[in-house]
Amino acid sequence: SQQGEEDPQALSIQEGENATMNCSYKTSINNLQWYRQNSGRGLVHLILIRSNEREKHSGRLRVTLDTSKKSSSLLITASRAADTASYFCATVPNSGGYQKVTFGTGTKLQVIP
Amino acid sequence: DTAVSQTPKYLVTQMGNDKSIKCEQNLGHDTMYWYKQDSKKFLKIMFSYNNKELIINETVPNRFSPKSPDKAHLNLHINSLELGDSAVYFCASSRPPGGRVSDTQYFGPGTRLTVL
């Protein structure tokens, strides 16, 4: 079954507002990653947070991780029209052997100028 | 300078045909992947190679056969194409620290396959 489930599926906000996306997962993880996908393009890595970290920042992005609740959130502050894209969380399990990245269902973000 | 490149970008073909998609990365990474993204944007891993060795092989029909001639290239050959194979196929690469745990993935631009 799918590892990551994102919420909401779609989000529409005005430019300048903050956007929050959530990701829930089911098994113990080594790390969790967030990616952005612009329409018709490949995924671009945004940020990686390891299981022993609780919060991480990168520019206007803030990611939190709550391993007890098996959830993560991505906050984009002061959104811009260029942030319009789909955002995916991806998890890497904490088990032996070669690991695979499992992607969530994605949140489609629309930022209205 | 393209980090991960795929050819072709678009592929339109008839059912029953055989086709190949090529992928190359110039990042010096050890690990490469093929993903399939369906019409609902769900992204699922198909295969992964580490230094030309197959390390992940998900439940994929054996009509799909990956080939890695060297660690910078990973090609995907699909035999007897079916309507359900229509999707966007992404190649990606990464350099897992310690050789096992997946880290940042670098994606190619995707190949949109349409089977008529």
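Strands here are DSSP runs of E with at least two residues, numbered from the N terminus. By that numbering, B:Asn50 lies in strand S5 of chain B. Please keep in mind that this is a predicted model.

**Where the chains meet**

- On the chain B side, 22 residues are in contact with 21 residues of chain A.
- The area buried between chain B and chain A is about 1900 Å², and carbon and sulfur atoms give 56% of that area.
- Between these two chains the count of salt bridges is zero, while three residue pairs are found in polar contact across the interface.
- Strands S4 (31-37), S5 (43-50) and S6 (53-57) of chain B each supply at least two residues of the side that touches chain A.
- The largest share of that side, three residues, comes from S5(B).
- By residue type, the side of chain B that touches chain A divides into 10 nonpolar, seven polar and five charged residues.

**A closer look at B:Asn50**

- B:Asn50 counts as buried because its relative accessibility is 11%, and the cut-off for buried is under 20%.
- The side chain of B:Asn50 makes a polar contact with the side chain of B:Thr31, at 2.7 Å.

**Nonpolar cores**

- In soluble globular proteins, nonpolar side chains tend to be buried together.
- The largest nonpolar core has 21 residues, of which A:Leu32, A:Trp34, A:Leu74, A:Ile76, A:Tyr87 and A:Leu109 touch the most other members.
- Among the elements that give two or more residues to this core are strands S3 (19-24), S4 (29-37) and S11 (107-112) of chain A.
- Leaving aside residues up to four places away in sequence, A:Leu109 touches several residues, including A:Leu11, A:Met21, A:Ile76 and A:Tyr87.
- A second, separate core of 19 residues includes B:Ile21, B:Leu76, B:Ile78 and B:Cys91.

**Backbone details in the loops**

- The peptide bond from A:Asp7 to A:Pro8 is cis, with omega near 0 degrees; A:Pro8 lies in the loop between strands S1 (5-7) and S2 (10-14) of chain A.
- In chain B, a cis peptide bond joins B:Thr7 and B:Pro8, with omega about -5 degrees.
- B:Lys41, in the loop between S4 and S5 of chain B, has a positive phi near 75 degrees.
- B:Ser80 has a positive phi near 45 degrees and counts as partly exposed at 38% relative accessibility.

Definitions and conventions: Residues numbered from 1 in each chain as written. Chains lettered and ligands numbered in written order. Predicted model: local features only at pLDDT ≥ 70, side-chain atom pairs only at ≥ 80, totals over all residues. Heavy atoms only, no water. Contact = heavy atoms within 4.5 Å. Buried area = accessible area lost by both parts, 1.4 Å probe. Salt bridge = Lys/Arg side-chain N within 4 Å of Asp/Glu carboxyl O. Polar contact = N/O pair within 3.5 Å; in protein donor to acceptor, adjacent residues only side chain to side chain. Helix = DSSP H or I, 4+ residues; strand = E, 2+ residues; numbered from the N terminus. Nonpolar A, V, L, I, M, F, W, Y, C, P; charged D, E, K, R; others polar. Buried < 20%, exposed > 50% of the residue type's maximum accessible area, 1.4 Å probe, protein only. Core = buried A, V, L, I, M, F, W, Y, C linked by side-chain atoms within 4.5 Å.
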